[in-house]
Amino acid sequence: VVRKVVSSGEERVLESVNMYMTDLTPSGTYLGFGIVDGNRDILFLKPGATTREAFASTPINETQPALPPDGEWLAYVSYGLGGISSSTSGINDIYIQRFPEGGDRRLVSGDAPGIQPRWRADGKELFYVGNDGRMMAVPITPSAGGITIGEPVALFQTSIVPQPGLGTRASYDVTRDGTRFIVSEAPEGGDDDARSQSSMTVLVNWTSVVR
């Protein structure tokens, strides 16, 4: 893990986590996944610790962990050796589970499996990409028993190709209030080489243009 100061470019190695790191919690815990006994399991490493701890470890694969800002529930993808499936066989389903103690594992995707879970900033809605490429949303409501999980609702179609495996970053992001999305998509038409060479233009210091 390397920390880099944006203004100066100075880099400092913080720790060797020995896993595919995907997130850093507010408390400084490193979160990611690794290969354990041939399967991909979700792991975390506390600051200063030398041994990784398992969070989700079953005979099938768990990847793409995502934490809300409060860090209470972790969402992730669970999938088997069959790869992408449109059935409810447990392949590439979205689950949430209490973090870091584990337990209280809850299926979120219902009859609409998918990949790449991401939380709304307030933790009251979970987004993911369905097997058919549709952007899905699931309401998560605090209740006396912990939380109540609503039914997945399709928001809009994307051209994202579902890949539940080693990819650690979602192909999209969402604003804090969950009303706008930015999605990485290949341009329509053209061959594969043209698609792979597509680019994104980012305008910085845009406020000076407005003034």
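**Entry 1: salt bridges**

I began with Glu-53 and Lys-46, whose side chains meet in a salt bridge, 3.8 Å from N to O. This is a predicted model, and I read every value with that in mind. I then looked up how open the two partners are. Glu-53 has a relative accessible area of 33%, so I noted it as partly exposed. Lys-46 comes to 40% and is also noted as partly exposed.

Next I turned to Arg-98. Its side chain meets that of Glu-72 in a salt bridge of 3.0 Å, N to O. Where do the two partners lie? Arg-98 is in strand E9, while Glu-72 is in the loop between E7 and strand E8 (73–79), so this pair ties together parts 26 residues apart in sequence.

Arg-98 has another entry on my page. Its side chain also meets that of Asp-104 in a salt bridge, at 3.7 Å from N to O. Asp-104 is partly exposed, with a relative accessible area of 35%. Through shared partners, Glu-72, Arg-98 and Asp-104 are joined into one network. How many salt bridges does a search of the whole structure find? I wrote down seven.

I stayed with Asp-104 and looked at its backbone. Its phi is near 55°, a positive value in a residue other than glycine. I placed Asp-104 in the loop between E9 and E10.

Gln-64 went into the notebook beside it. Its phi is near 55° and positive, again in a residue that is not glycine. Gln-64 belongs to strand E7, residues 61–66. Is Gln-64 buried or exposed? Its relative accessible area is 5%, and the cut-off for buried is under 20%, so Gln-64 is buried.

I checked the peptide bond joining Phe-99 and Pro-100. This bond is cis, with omega about 0°.

**Entry 2: aromatic pairs**

I looked up the count of aromatic pairs and noted eight. One of them is Tyr-20 with Phe-33. The ring centres are 5.3 Å apart and the planes are at 20°; planes under 30 degrees apart count as stacked, so this pair is stacked. Which parts of the chain does the pair link? Tyr-20 is in strand E3 (residues 20–24) and Phe-33 is in strand E4 (residues 30–36), 13 residues apart. Tyr-20 is partly exposed at 40% relative accessible area, whereas Phe-33 is buried at 0%.

I then took up Tyr-172 and Phe-181. Their ring centres lie 6.5 Å apart and their planes are at 45°, so I noted the pair as tilted. Tyr-172 is buried, with 3% relative accessibility. Phe-181 is partly exposed, with 24%.

Methods. Residues numbered from 1 in each chain as written. Predicted model: local features only at pLDDT ≥ 70, side-chain atom pairs only at ≥ 80, totals over all residues. Heavy atoms only, no water. Phe/Tyr/Trp six-rings, centres within 6.5 Å; stacked < 30°, edge-to-face > 60°. Helix = DSSP H or I, 4+ residues; strand = E, 2+ residues; numbered from the N terminus. Buried < 20%, exposed > 50% of the residue type's maximum accessible area, 1.4 Å probe, protein only. Salt bridge = Lys/Arg side-chain N within 4 Å of Asp/Glu carboxyl O.
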